[in-house]
Amino acid sequence: MRQAQVTAVLGPTNTGKTRYAIERMLGHRSGVIGLPLRLLAREVYDTIIAQRGPSVVALVTGEERIVPARAQYWGCTVEAMPLEIGADFVAVDEIQLCADPERGHVFTERLLSARGLHETVFLGSDTMRGAIAALVPGVQFLRRERFSALGYAGARKISRMPPRSAIVGFSVENVYAIAELIRRQKGGCAVVMGALSPRTRNAQVELYQNGDVDYLVATDAIGMGLNLDINHVAFSATSKFDGRRMRALGADELAQIAGRAGRHTTPGSFGVTGEAAPLGEDTVEAIESHRFAPVRKLHWRNAELEFATPEKLIAALERHTHNDWLTRMREANDLAALKALAAMPELHGQLRGARDVKLMWDVCRVPDFRGISPTEHAALLAQIFGYLRADGVVPADWLARNIARIDRTDGDIDALSRRLAHIRTWTYVAQRAGWVFDENHWRAETRAVEDRLSDALHARLTQRFVDRRTSVLMRGLKQKESLVAEVNDNGEVTVEGEVIGRLEGFRFRQDKTDSPEEARTLRQASVQALAPLFHLRADRFYNAPDTEIDFTEQGGLVWDGQAVGKLVTGSEPLKPRVAAFVDDEAGTEVAERVERRLQHFIDRRIAALFEPLLAMARDEALTGLARGFAFRMHEALGVQPRGPVAAEVKALDQGARAALRKHGVRFGQFTVFMPALLKPAPTRLRLVLWGLAQGLDEFPESPPPGLVTIPVQPETPEMHYIFAGYRPAGARAIRIDMLERLADLLRAQDTRAGFEGTPEMLSITGLSLEQFADLMQGLGYKAERGERIKQRPAVAAQPGAKADAPEAGPETPADAAEAPDADTAPNEAAAPDAGAAPGEATEDSPQAEPTPSDEPRAADETEAGSSQPAAALEAQELEVFYTFTWAPRRAESARPKGRGKPQGKPAKKSRAKPEGGKPRDDAPASSGPRRKEDRIDPDNPFAQALMGLRERK
């Protein structure tokens, strides 16, 4: 019989050794390949399935067992290799791990005893050549050269790490810290560690391989055959904790990890980052040339065990060797657990033979996945051994309770990692033949729990260490894909399902980012994705009706509630210009269309709201002083105080005034205005246009519509109220059209002798008596407060009784719209409050005939009341009243010298007549001048009404 061939395929990384072994195995009828990690076993298993199908491929690890009935090819961890099946082909990968202090004895045992019936292949580093030649007789060597060059790149900051880089750490804490830093600076990374389940590891690797992230943070697990598209490997440290102490990594160990850079024929590089010191020249030379010191000692443990007693088993495991190439390994975890169980008194009585000792040894070989403490691990193993010794299987209810405590997907990365470590213990137990009842059920149950925890851990890792949005956009930009943006009803812009910001009108508001790199990525993606969207949006805006566009009280222009521009100062107050809010990335064509549409909108809005004012400006029939005054009204946007233009108003003849009235101009006592422009919409726009013309930083706000008076803010200039359609008077400002109605009522009162406010005056202003008194004081009146007995409502007169006649009141227009213009206001050359009372008759205004209402009755009533008994007075209800007299704020002495006498004639004293026609000595003198018929304004209907009244009398 021909002796089986033994071949050692040696060489550096990226030489295709594992692929060579798989091809050789598939050339045989059956085969077993042992790999150092569960992750690699799964990777090889998937590779073989792709070529031969799942029905003939088995996977066996400590925690996973997939064995079809017709299994021919087995992918396994080195510890789980089923050598008893007698496979034609046997291969062991990473054979240089014979020198590993922790697991080296397992690889050494496979090197010494694992053989295929027809072919055996050992794969690994060239440092094993001497040891293999000495321990394996007849071995043939095959050297494989690296496909690509590997060079040293020195030290680099993580912020300057090139894409497709792997940063290596040697602790979980270090890996997480680096991953967090990369997420902030680079958008995210994938995380690969040996402790991850294959499902989690594969999901993380997929993030990296498909380009979602450009960076990988890993432990030294990537050095064990993981085939990834890595261009650069950076070491964050050059020492690690090996389970007992911190030690520096050898050049061969660094090379094993650095060799992951540069797949196939693509050159790779390696270097250091973070706090790692630069590599020495000798180390760099060794890694680049792939020449390292040969392995001199292999870790070994006696495999010929004796199970008579625990003591004999322990002695066999601690037996020394006389082979110069082998050295007894240090005490492993399984041997430490065996010693702990053997020392438990409660277990001594259960060890009744070699079978029980062998069972205890099998239990002690359950790995300490949890890593809590040796004592905790030994206690768990003692429970498992007790169940197996007594019942032959682990109780289902006890196993179910332990699994249920773990089957939770809430918590953070650390919590999920701990649960995954715990479930691996029960997965290992379920995989042992004969340890549980209904093995298939518990294997499926533990596998399902591990899958759920693995998916949850992958999600947490991705959530914490990957900015999904940035990674998706970077992949699209890198692959030069056509990114398409979508905008939802809330204005959120999404690309590939990821929100990148908000589109407000024609300006893109990018989401906040944690790093400049992320911000640049978002901006690049938004520019590419939003370009067609800007044009479509501009087309829709250009064709939108004016009802969808509006202006704000601060001069902003909005469309569908989003700012698209603002008003800026133009050549005239009624000709503002617009400035569109359009991003530069949208292009000049979009900006011009938006600006043109906004200009059309505001021009049409001004033409509609200020039509009377614009029509007056266009009227060529207006000439001379009338045209000049029309220009003044145009500049004042249809509202201006009468005081500054009193001289111009007085200079207008009746024809000019009539021509201006045809365009809606009203010459009020206090204000010259156009009533049509006092409506809410023109007022709101007038305040904006006036604010623009004045260059204000903040425009006055329009008062709420429908209010007759509004509070006066001390810090607000008076002109703000004027252009809002109000005149300040005391603590409140009154609407100018209602003020003119009030002035019409005041014109019929005796402002020198004093008068009381009528219910009609209070009704016009909508104020209480106290507020009305303050308003009148603001208009230049003096208000004297008094109290008197409140008169009861009049009752039907008894026959023969004499009823008090109602006090006669002045005749006033019934309709506010028909109120006469105060075209002949007193003291035209000065402000209305300069000297003459509002409504006081002058040569240019009609005077009402004295009426009984002009006579003050307070004195008579007081005298009458004084004769009543005190008790009767107390029973009477008192009421508050105010007497108003004209009291101009500017004293006579304040007039500039040399200006002559004040305009208007002094009032002549006259006595009011009582009902009998005889003069009363105690009656106050009338302060109003006599009426002159030739000076009454024939255009004033109120004055003509007074003339008719005089003629009847």
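This briefing walks through the main features of one protein chain, topic by topic. The model is predicted. The chain has 953 residues, and 48% of them are buried. Its secondary structure comes to 31 helices and 36 strands. Among contacts with a separation of 6 or more, 69% join residues 24 or more positions apart.

- Ile-167 has Ala-234 of strand 13 as its bridge partner.

**Strand 1 and its partners**

- Strand 1 covers residues 5-10, and 5 of its 6 residues are buried.
- Strand 1 pairs with strand 7 (residues 119-124) in the parallel sense, over 6 bridges. Here Val-9 stands opposite Leu-123.
- Strand 1 also runs parallel to strand 8 (residues 140-143), with 4 bridges between them. Leu-10 has Arg-143 as its bridge partner there.

- Leu-59 is part of strand 3 (residues 57-60).
- Leu-59 has a relative accessible area of 0%, so it counts as buried.
- Leaving out residues up to four places away in sequence, Leu-59 touches Ala-41, Arg-42, Tyr-45, Glu-64, Arg-65, Ile-66 and Gly-75.
- Gly-75 is 16 residues from Leu-59 along the chain, and their C-alpha atoms are separated by 5.0 Å.

- Strand 32 (residues 732-735) runs antiparallel to strand 30 (residues 709-711), with 3 bridges joining them. Ile-710 stands opposite Ala-733.
- Strand 31 (residues 726-729) is also antiparallel to strand 32, through 4 bridges. Tyr-726 has Arg-735 as its bridge partner.
- Strand 31 and strand 32 form a hairpin with 2 residues between the strands. Gly-730 takes a positive phi near 75° in this hairpin.

**Helix 6**

- Helix 6 (residues 198-209) has 12 residues. The helix reaches 16 Å from its first C-alpha to its last, close to the 16 Å expected at 1.5 Å a residue.
- Its buried residues are Pro-198, Thr-200, Arg-201, Gln-204, Val-205, Leu-207 and Tyr-208.
- Arg-164 lies over the face of Tyr-208, at 3.8 Å from the ring centre.
- Gly-211 follows helix 6 and has a positive phi, near 90°.

**Helix 19**

- Helix 19 (residues 588-609) has 22 residues, which should span 32 Å at 1.5 Å a residue. The end C-alpha atoms are 32 Å apart, which agrees.
- Several of its residues are buried, including Val-590, Arg-593, Val-594, Arg-597 and Leu-598. Further along, Phe-601, Ile-602, Ile-606 and Leu-609 are buried too.
- Arg-593 lies over the face of Tyr-542, at 4.6 Å from the ring centre.
- An α-helix has 3.6 residues a turn, so residues three or four places apart point the same way.

**Aromatic pairs**

- The structure holds 15 aromatic pairs.
- One of them joins Tyr-781 and Trp-886: the ring centres are 5.2 Å apart and the planes stand at 75°, so the pair is edge-to-face.
- Tyr-781 lies in strand 33 (residues 781-789) and Trp-886 in strand 34 (residues 878-886), so the pair ties together parts 105 residues apart in sequence.
- Both Tyr-781 and Trp-886 are buried.
- These two belong to a cluster linked by ring pairs, along with Phe-755, Phe-772, Tyr-882 and Phe-884.

Conventions
Residues numbered from 1 in each chain as written. Predicted model: local features only at pLDDT ≥ 70, side-chain atom pairs only at ≥ 80, totals over all residues. Heavy atoms only, no water. Pairing = 2+ DSSP bridges. Phe/Tyr/Trp six-rings, centres within 6.5 Å; stacked < 30°, edge-to-face > 60°. Buried < 20%, exposed > 50% of the residue type's maximum accessible area, 1.4 Å probe, protein only. Lys NZ or Arg CZ within 6 Å of the ring centre and 35° of its normal. Expected span 1.5 Å × (residues − 1). Contact = heavy atoms within 4.5 Å.
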